[in-house]
Amino acid sequence: AWALSQILVVTQNQIENVEFSEIFLNYYDIFVKNAFTNYFDILKEVSCSPMMGEMLSYVGSKSMPFVKKDTTLTSFPDENYARELQQLFSLGIHELNIDGTLKLNNQGLPALTYTDEDVQNFARVWTGFDHAPRRANSEAYYWDIGNRIDSMVINGPWRDYSPKADLRGGYIGDGYQLCTDLPDKHFLWKGATYRLVGSSKLPLLHTQPTWWFSNGYSIRTLDLNASSPLYNELCNESSGSCNFAPVVTLNVNLSCDT
């Protein structure tokens, strides 16, 4: 854990309220929990940490279209994390052969793993991150800018929604299915996963403009019948009451209750 913390560093110089210990201990716990997992999971959790978001300044980064529409100014997303993630946390700046020696380009110079254009492109990936709402049971001043304990959340309007090219001539997310590629009623198939996000129609992990619920605009919601096989799986009834689990994964295919 200590060795990982020396790679994925946050420093007091970039974090406000350095007199607090909980925020730094909570960040260090990422490496304690994941010391024997895999580096991808560690990078994923670090990338969502508000401490790293402040350290490398991408918390609050907004897409150029959003800024243009909001202020009429032209402003590009913050490139700090997009650069450091590649240079310091993963790829490094030069491509290597299988034996660890430098790959050379056509001019006989070390081949670069990425370019400034790649950094600008990947900066668009790290738009939309914001502090989660503050909670009372953490060490903080009342004037603090946000929650430094819980993972950052996505502010939908800030996100850059355009495709982002990867380093190999494709696009990030090429390996994921589109909604149109999924089979009919895939949400009832074995392996479908449901996550409890609360009773609000505006959960933290989603953004739905308030005007969606204004007069003259209707939004469809799904209300499951008590006889529905999916309802029974999610409800997990005991003594006449539902015991909703944080995560439910279907073990069998379910029939559709029409």
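Axes are lines fitted to C-alpha atoms, for helices over the stretch in contact, and the angles between them run from 0 to 180 degrees between N-to-C directions. Helices (H or I, at least four residues) and strands (E, at least two) are DSSP runs, numbered from the N terminus. The model is a predicted one, in which local features need pLDDT of at least 70 and side-chain atom pairs count only at pLDDT 80 or more, while totals for chains, interfaces and linings use all residues. Residues are numbered from 1 along each chain as its sequence is written, and side-chain values use heavy atoms, with hydrogens and water left out.

The protein has eight helices and four strands. Along the sequence these elements follow the pattern α-α-α-α-α-α-α-β-β-β-α-β. Of its 258 residues, 29% count as buried; buried means under 20% relative accessible area, exposed means over 50%, and partly exposed lies in between (1.4 Å probe, protein chains only). Contact is taken as heavy atoms within 4.5 Å. Among the contacts in the protein with a separation of 6 or more, 60% are accounted for by residues 24 or more positions apart.

Two packed helices are described by the angle between their axes and the distance between the axes. For helix H6 (residues 80–87) and helix H7 (residues 116–123), the axes come within 8 Å and cross at roughly 120 degrees. Angles under 35 degrees count as roughly parallel, over 145 as roughly antiparallel, 65 to 115 as roughly perpendicular and the rest as oblique. H6 and H7 are therefore oblique to each other. The crossing in which H6 passes H7 is right-handed; a crossing has this hand if the near helix is turned clockwise from the far one by less than a right angle, and is left-handed if anticlockwise.

The residues that meet are Ala82, Arg83 and Gln86 on the H6 side and Val119, Phe122 and Ala123 on the H7 side. By class, this contact of H6 with H7 has four nonpolar residues, one polar and one charged. In this classification Ala, Val, Leu, Ile, Met, Phe, Trp, Tyr, Cys and Pro are nonpolar, Asp, Glu, Lys and Arg are charged, and the others, Gly among them, are polar. Within H6, the buried residues are Tyr81, Ala82, Glu84, Leu85 and Gln86. Their cover includes helix H3 (39–47), helix H4 (50–55) and H7. In H7, Asp118, Val119, Asn121, Phe122 and Ala123 are buried, and H6 is included in what covers the buried residues of H7.

Asn147 is placed in the loop between strand E1 (129–130) and strand E2 (153–154). Asn147 counts as buried because its relative accessibility is 3%. Its side chain reaches the backbone nitrogen of Ile149 at 2.7 Å, and makes a polar contact with the side chain of Asp150 at 2.8 Å. A polar contact is a pair of N or O atoms within 3.5 Å; within protein, one must be able to donate a hydrogen and the other to accept it, and residues adjacent in sequence count only if both atoms are side-chain atoms. Not counting residues up to four places away in sequence, Asn147 touches Pro50, His131, Ala132, Pro133, Arg134 and Arg135.

Ile149 is also found in the loop between E1 and E2. With a relative accessible area of 11%, Ile149 is buried. When residues up to four places away in sequence are not counted, Ile149 touches Glu22, Ile23, Asn26, Pro50, Arg135 and Ser138. The C-alpha atoms of Ile149 and Glu139 are separated by 9.1 Å, the two residues being ten apart along the chain.

Asp130 lies in strand E1 and is partly exposed, with a relative accessible area of 23%. Val59, Met152, Val153, Asn155 and Trp158 are touched by Asp130, not counting residues up to four places away in sequence. Between the C-alpha atoms of Asp130 and Trp158, 28 residues apart along the chain, the separation is 9.4 Å.

Most residues other than glycine have a negative phi. Asn236, in the loop between helix H8 (229–235) and strand E4 (247–249), has a positive phi near 55 degrees. At 45% relative accessibility, Asn236 counts as partly exposed. Ser239 is found in the loop between H8 and E4 and has a positive phi of about 55 degrees although it is not a glycine. Its relative accessible area is 76%, so Ser239 is exposed.
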